[in-house]
Amino acid sequence: MSIRMEQLEQSMNEKGLDSLLVTDPKHVYYLTGFASNPHERFLGLLLVRGEEPLLIVPALDAEAAAAASSVQKIVTHSDTDNPYLLLQQQFKGSIGTLGIEKEQLTVARYEELVESVPAKQYADIGPLLRSMRVNKSPEEIKRMKHAMELIEEVLRQGLKSVKVGVTEIEIVAELEYLMKKLGAQGPSFDTMVLSGPKTALPHGTPGDRKIQHGDLLMFDMGVYADGYASDITRTFAVGEISPEQKNIYNAVLEANLQGIQAIKPGVTLASVDQAARAAIEKAGYGPYFLHRLGHGLGMDVHEYPSVHGNNTDLVQPGMVFTVEPGVYVAGLGGVRIEDDIFVTENGVEVLTSYPKELITLEG
C-alpha cells in the first residue's frame with residue numbers, strides 16, 4: 001500500500017469515517033498510481049476501515065489498472081453492468097459514515113450511490129484530499145519542473161512564428177503542435193495568444209486578428225507532463241510600443257517581483273496578494289488589476305490555494321502556486337506576467353525561468 005493510502009486510512013480513523021469512495025480520476029491516480037480517463041464510465045477507489053482497498057474500473061481498463069495500481073484488489077464492470085451493485089456487494093453490514101467527493105459527484109451519480117449503498121450519513125472528503133495534495137513531494141516537484149521546462153521551450157520556439165500579419169490562432173496552432181512534438185501530454189488549458197487591444201481581456205479568446213506593429217502580445221499557456229501542469233504568462237512588444245504601455249509593463253513586473261518577495265512560510269496568502277497589488281496601486285493602475293494574484297498548481301491547473309486579498313490561510317512549505325499580476329486598460333491593452341513558485345522551508349523557489357524584462361519582437 002502506498003504512503004498516501006496509509007495517510008488516508010489514518011485520517012479515516014481520526015475523522016470517524018467508516019468507509020470512503022474516491023471517484024475523481026486524478027485522486028485515484030494520486031492514491032494508487034493508476035491514471036485513466038473513464039469518460040462516462042464509473043471509476044472508484046473504495047476504502048472500508050479494516051479491509052483491503054478496492055479499485056473498481058471499467059473492464060477495458062483492467063490490464064492497465066493491474067499493471068499500474070498499488071491496489072491489488074481490482075474488480076471490473078462491463079458497459080452493461082451496474083457498477084453501483086458492485087459497490088453494494090462490498091459492504092457486509094450497515095454503513096455508518098461514508099466519505100464522498102461532493103464536488104466531483106453529479107446529482108445523478110449521488111442518487112444512484114444513495115440508492116445502492118445507503119449510509120447513515122455522508123461526509124465530504126474533498127477538503128481532506130486537497131489538504132494532502134497541497135504539500136508537494138520531491139517527485140511531484142520534479143515532474144512539475146519538467147512541465148515548466150517543456151512550456152518554456154515551446155514559448156522559445158513558438159516565438160519564431162510571430163510575424164506581422166500572422167493571426168493569433170495561427171500562433172496557437174504552432175504552439176500546441178510544439179507541445180506534443182516536445183513530449184507534453186497536451187495543453188493544461190486552452191492556449192491563449194492575444195494581441196493589441198485584445199490583451200486588455202484577461203481571458204480573451206484567440207481569433208483571426210493579425211499581429212501588427214505596436215502591439216502588445218500576450219501568451220498564457222501550459223502543458224501537462226507526467227500528470228502535472230505548468231502555467232506561464234509572458235507579454236511582449238511587437239516593434240515600438242507607447243510610453244504608457246511601457247509604464248504598465250514596468251508596473252506589472254514590479255508587482256510580480258514584490259509578490260514573490262513577500263512569500264515565506266507563515267504569512268497569509270492575503271498578504272502576498274496585497275504586496276503585489278500595492279505595487280500596481282502605487283503606479284496608478286490599481287483599478288485595472290481585475291483578478292486575484294494567483295492559484296494553486298499541481299495535478300490540476302487550478303487547485304488550492306487561491307491567492308487573493310481576503311484569504312487568511314497561511315503559506316505552507318510544499319505549496320505550489322502562481323504569481324500573476326496584470327493590468328488591463330480597454331483600448332490600450334494589457335500586460336500579465338505569471339510565474340510558478342514552490343514554497344520551501346526558508347522561502348521560495350521560482351520554478352519558471354523565462355526572462356521577464358520587456359522583450360521586443362521585430363515581427
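How many bridges join strand E1 to strand E5, and which way do the two strands run? I opened the notebook with that one, keeping in mind that this is a predicted model.

**Entry 1: the sheet**

I found two bridges between E1 (residues 19-22) and E5 (residues 95-100), and the two strands run parallel. Looking for a pair to point at, I noted that Leu20 has Gly99 of E5 as its bridge partner.

Next I looked at helix H5, residues 107-116, which packs on the sheet and touches E1, E5 and E6. I wrote down an angle of about 160° between the direction of H5 and that of E5.

Then I stepped back to the whole sheet. I read its strand order as E4-E3-E2-E1-E5-E6, six strands in an open sheet with mixed pairing. I marked E4 (73-77) and E6 (119-124) as the edges: each has a single partner strand, so one side of each has no neighbour in the sheet.

I placed Pro305 in strand E14, which covers residues 303-307.

I also checked phi values. His39 is not a glycine, yet I see a positive phi of about 55° there. I traced His39 to the loop between helix H2 (25-32) and strand E2 (44-48). Is His39 buried or exposed? I call His39 exposed because its relative accessibility is 59%, and the cut-off for exposed is over 50%.

Asp226 is another non-glycine residue with a positive phi, about 55°. I found Asp226 in the loop between strand E10 (223-225) and strand E11 (228-229). With 44% relative accessibility, Asp226 goes into my notes as partly exposed.

I looked up the largest pocket and got a volume of about 410 Å³. Of its 21 lining residues, I listed Phe189, Pro202, His203, Asp220 and Arg336 as the closest to the centre. By class, I have eight charged, eight polar and five nonpolar residues in that lining.

What volume does the second largest pocket have? I noted about 350 Å³. Its lining has 13 residues, and those closest to the centre are Lys26, Ala35, Ser36, Gln185 and Gly227. I saw that H2 gives the most to this lining, with three residues. I sorted the lining of this second pocket into four charged, four polar and five nonpolar residues.

Key
Residues are numbered from 1 along each chain as its sequence is written. This is a predicted model: local features need pLDDT of at least 70, side-chain atom pairs count only at pLDDT 80 or more; totals for chains, interfaces and linings use all residues. Side-chain values use heavy atoms; hydrogens and water are left out. Helices (H or I, at least four residues) and strands (E, at least two) are DSSP runs, numbered from the N terminus. Buried means under 20% relative accessible area, exposed over 50%, partly exposed in between (1.4 Å probe, protein chains only). On a 1 Å grid over the protein atoms alone, a cavity is a set of points where a 1.4 Å probe fits but cannot get out, and a pocket is an open set with protein on both sides within 12 Å along at least five of seven lines; lining residues have an atom within 4 Å of a point. Grid points are joined across faces, edges and corners, and a volume is the space filled by probe spheres set on the points. Ala, Val, Leu, Ile, Met, Phe, Trp, Tyr, Cys and Pro count as nonpolar, Asp, Glu, Lys and Arg as charged, and the others, Gly among them, as polar. Two strands pair if DSSP finds at least two bridges between them. Contact means heavy atoms within 4.5 Å. Axes are lines fitted to C-alpha atoms, for helices over the stretch in contact, and angles run from 0 to 180 degrees between N-to-C directions.
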